[in-house]
Amino acid sequence: MKRKLYILCLFVLPFLYTVKGQEINTLYFMSENPMRHQLNPAFMPEHKIYAGLFPLLSSCSFYVGNNSLTFSDIFKNAVVDGKRETVLFLHPDLNNGVSDFLSAIKGDLKVRMSSNINLLRFGMKVKDMYLTLGVNNTIDVSFSAPKTVLSFALNGVKEEDINGTTEVDFSNVSASALVYSDIDLGIAYSVNKNFNIGAKLKLLSGHSCISSDFDGLTLKISKDAWNFSGNASINSSIPGFYWESDEEGHVSGADIDDVSVSDFFSSSNLGFAADLGATYDFLENLQVSVSVTDLGFIRWKDNLAQLEKGEDFFFDGVVYDINKDDTLDVLDEYAEQLEDMMSVKENPKSFKTRLSAKLYAGAEYTFWQDRIGVGILSKTTFCSTSTMSDLTLSTNFSLCRPVAFSLSYSFMQGSFSNLGLGINVNVGPINMYLLADEIPLVYAKGDGLSIPSRTRGFNIAFGMNLIFKDLKKDMAEHVDSYNE
Amino acid sequence: MGGLFNHFFKASILVLLICASCTDDDYDLSTINTDAEFNLSMVGPLGKSSITMQDLLSVMDVTDIKSDDNNVLYYETDTTFRVDLDPLELSVDELFSESFDANSSTLVDLSVYNQVTFIKYLDFSEEEKFADIDSILLKNVTLELNVESNVPELREGVSLKIFSNAITLNKELFPDDTIRIDNFYGKTTINLSGSFLRFNEELHIPFEMTIYTKNKNIQTTESSYLNIDCHCQDKITYKKVWGNLSSYESHKGILSTKFDLFDDLDESTIYPVDPNIFVSMWTNVGMPTDFRIDSFCTYKNDLMKYALFKNSQNPDGVPFYERKMMYSKNIGDRVLAFQDTFNQEKGDFGSLLSISPDSLDLKYTFNIGSKDGSGSYFATDSMFVDFDLGINVPAWLKSGSTLSMQDTIFELDLSSLSSDFDVDKLVLDMEFENALPFDVEMNLSFLKRRGNFDYEIIDDDLLNKKFKITAGIINKQTNCVISSTTTLDDIAVNNSNMEDLKSVAALKIEYSISVPNTASSVKVKSTDLLKAIVKFYLKGSM
């Protein structure tokens with residue numbers, strides 16, 4: 001049973017946790033953390049210089065989850081043969097298992113796993129500017145499917161539609177996996193005492209990618225006909241990977257050649273992105289900020305492979321021809337139509353993948369000599385097929401200077417159960433932090449396992465940096481404070 | 001530094017402990033159950049077919065179905081026959097016999113001049129059959145001459161020459177048109193094959209016969225004689241005969257033609273409105289001939305059906321149909337002697353098909369020869385009459401006509417229907433668009449095995465289904481379908497029928513096609529069609 005559960009969790013867990021972006025909202029108002037400029041390039045770290053302590057530990061973040069489902073949506077408590085058991089929502093003894101599962105999905109089901117690792121991070125204040133330099137590696141895997149598609153997969157045709165037409169729109173089904181690195185160069189400039197602006201330019205280098213592109217792809221099912229029409233393509237740029245095809249170019253399989261690490265560093269898969277931001281202090285203790293990040297794309301030109309959908313599939317019944325002896329052969333024709341639907345493109349064209357741009361808009365009010373701050377943050381993520389919005393309320397405590405805590409609560413896709421916590425420690429030249437969003441509070445337990453039962457995802461970020469204060473400024477502040 | 005890490009990790013662990021401290025009592029992961037069941041419903045098209053009458057009849061292997069210019073179907077088959085007519089039998093017992101005694105001038109002349117010429121006649125006047133013959137081209141005819149004499153000098157060295165203006169001898173045998181026979185004594189045969197005889201009004205063929213002797217001194221006595229007998233073989237065969245041949249006997253016979261219209265239509269009843277039987281005859285006979293159809297009749301196993309002629313020429317007995325044939329004017333010409341079509345105007349020929357027959361017989365009689373004794377005709381030794389006997393049945397059927405067919409599809413094996421998928425409900429929606437001028441009843445019966453080669457109907461009312469499909473809309477003036485009708489029906493099975501369904505080994509389909517009661521008769525066009533569309537609704541779980 002234990003082994004079964006592990007296997008199950010391995011498949012199920014990725015769908016339980018949600019991430020709308022790699023960034024952790026809790027970080028946004030954590031002013032003591034030098035990394036928060038990743039969310040708004042206009043933010044200036046408090047330290048004159050900072051640098052990643054270790055190449056791989058400067059800042060790491062990992063995200064996995066989905067936008068709708070929790071463990072409790074997939075597993076239910078039921079009485080089976082007189083015993084209480086934890087069962088799948090598909091268990092035959094459950095009433096409304098599937099309908100409850102589907103009602104938990106808000107709009108499209110979006111599943112994402114990603115990681116971001118800062119390989120190199122450096123920042124330095126120069127007069128009224130703050131310059132940053134970083135090298136990052138990002139892995140981003142996402143899948144999105146409309147509720148209607150899932151409903152069709154689980155229920156088939158609805159009872160009320162059996163005499164009509166069920167239309168399943170696959171246009172918003174998307175799947176992609178990206179691995180890329182970037183070098184970013186940022187600048188934050190203090191226009192005046194109250195107004196900062198910032199920008200960051202990123203040179204992106206793609207290592208591998210596979211993404212789907214469905215355009216008008218629709219399955220119409222009725223008693224009269226099945227019609228699968230529209231355009232679809234699967235683009236990939238993966239070293240050594242290729243689609244196998246038959247003589248007519250129809251896909252028959254896939255294979256991958258031996259590759260070396262250097263094959264993943266193509267100079268052709270380049271892209272650019274930009275972050276823009278601004279902050280404005282309306283009052284002494286009230287700051288509003290806005291930023292747009294990851295506004296860019298990667299164009300993939302190397303190691304290309306492309307599958308393209310050809311003819312539409314149309315089936316309106318096996319035609320029985322009384323003059324032919326073996327009418328059942330006609331079924332082969334339709335099976336062939338399905339098999340031949342996807343063709344391998346001989347000369348695949350380069351393709352572009354857009355990063356998921358984020359728009360942040362926040363406001364923070366601090367009091368008690370900035371020891372406590374409360375903030376509100378709106379984050380809008382522009383994905384390829386949809387837009388998602390979060391709203392985060394945040395409180396930051398910095399009761400003693402070296403240690404700061406952050407507590408956040410987010411409204412994400414209709415869910416309120418999203419607690420975020422963060423701790424940032426700045427002691428001497430060392431900065432350490434650990435942040436998490438959507439922290440699970442309730443766990444299903446048993447058999448030595450604990451699985452979050454009410455959360456859709458989990459974000460965690462941590463890092464260690466070297467920080468060096470502006471001693472002159474620090475001294476001046478102390479003098480001012482003493483004089484007051 | 002170590003203290004810093006300690007504080008950081010302690011704080012972090014504290015946070016995690018806080019977070020991980022709450023237990024969801026709804027779940028117990030030690031009793032997790034991963035059983036799953038998908039309840040699915042699916043609809044879709046299953047199959048469709050569009051069958052025209054032409055298709056249907058082709059499948060029935062009726063190869064003689066055609067359509068006319070208006071696409072109205074008709075069945076037509078014909079058979080050709082050749083009836084060889086026996087040549088006229090002409091027989092002659094004896095042509096002439098002459099006996100010369102010592103006092104006859106013949107012997108005197110022979111003894112004095114060593115030759116004698118006399119005129120003789122081949123006399124046919126006693127033969128009635130030769131009465132009106134003008135001429136004969138003989139085929140295989142030999143004359144036998146028998147010469148006897150008691151005069152020794154006449155037994156050797158006697159020659160014979162025969163010549164006649166009324167006989168044209170075969171040039172190959174007699175190049176100078178004269179018969180010459182040396183050592184003419186005893187029995188001698190003369191081959192007249194290929195000779196042409198011209199009769200005069202008295203039916204005499206005169207010929208000049210000259211006898212030569214080599215011996216100069218012929219001594220005759222009172223008892224001397226010379227006998228010459230001329231005989232012909234019993235039957236004279238001829239290549240051609242010219243004249244007025246009035247004494248021919250009748251030729252009787254039966255022509256039988258098979259047709260396959262009803263081969264696959266067991267228990268069918270067809271009432272065609274106007275079937276046509278057509279008879280055509282070609283002949284090389286060169287003299288008037290009376291042709292009589294004694295009867296048409298059809299057969300089906302032990303059943304037989306006659307058709308009676310209207311306006312029969314025989315008011316006294318069984319009606320028959322008689323006509324004079326056209327005859328050939330020139331030897332070697334084959335002329336259309338007779339042609340007629342027998343339909344409802346000439347008799348009750350529709351009734352011939354009421355027994356779904358498989359053959360049609362025509363009984364006939366020829367009376368060859370002129371009855372009035374005048375005219376000049378000819379006969380040959382290879383006279384024939386070629387018949388073309390056919391039947392044309394337009395698909396124009398009266399009310400009450402019913403066609404029944406059945407078919408059984410064997411080797412069905414539904415036992416492998418997935419046991420992983422439990423069918424709660426399976427509905428097959430049937431949509432029939434009928435543009436046939438027939439009501440169609442279709443009976444589906446699912447069969448299961450009772451033995452290796454024996455089947456029985458599965459006793460399940462939901463599986464065994466009868467469909468009634470209404471005929472298309474029929475125009476009462478044209479008797480043709482002008483628009484289709486749509487009939488909807490379905491077969492619905494549920495979980496309780498699945499076991500029966502899995503035992504299905506064969507499917508028996510019985511069709512019954514009938515002219516609707518609303519029409520007095522209907523015409524069937526090749527383009528008339530029946531469309532069937534089958535759709536499904538399946539609900540189940542797996």
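A polar contact here is a pair of N or O atoms within 3.5 Å, where, within protein, one must be able to donate a hydrogen and the other to accept it. With that in hand, the interface of chain A and chain B in this predicted model comes out with 17 residue pairs in polar contact, both partners at pLDDT 80 or more. On the side of chain A that touches chain B, the residues split into 40 nonpolar, eleven polar and eleven charged.

As for the overall extent, 62 residues of chain A are in contact with 48 residues of chain B. Putting the two chains together buries about 4900 Å², and carbon and sulfur atoms give 64% of that area. The rule also picks up four salt bridges across the interface of chain A and chain B. One of them links B:Lys539 with A:Glu159, with the closest N and O atoms 3.5 Å apart.

The two chains also share some strand pairing. Strand E17 of chain A (residues 318–320) runs parallel to strand E3 of chain B (residues 39–52), and the pair is held to three bridges. Within this pairing, A:Val318 sits opposite B:Gly47 in E3(B).

A:Ser211 counts as buried because its relative accessibility is 11%, against a cut-off of under 20%. What surrounds A:Ser211, leaving aside neighbours within four places in sequence? The residues in contact with A:Ser211 are A:Ala175, A:Ser176, A:Ser233, A:Ile234, A:Asn235, A:Phe351 and A:Thr353.

Definitions and conventions. Residues numbered from 1 in each chain as written. Chains lettered and ligands numbered in written order. Predicted model: local features only at pLDDT ≥ 70, side-chain atom pairs only at ≥ 80, totals over all residues. Heavy atoms only, no water. Buried < 20%, exposed > 50% of the residue type's maximum accessible area, 1.4 Å probe, protein only. Contact = heavy atoms within 4.5 Å. Buried area = accessible area lost by both parts, 1.4 Å probe. Salt bridge = Lys/Arg side-chain N within 4 Å of Asp/Glu carboxyl O. Polar contact = N/O pair within 3.5 Å; in protein donor to acceptor, adjacent residues only side chain to side chain. Nonpolar A, V, L, I, M, F, W, Y, C, P; charged D, E, K, R; others polar. Pairing = 2+ DSSP bridges. Helix = DSSP H or I, 4+ residues; strand = E, 2+ residues; numbered from the N terminus.
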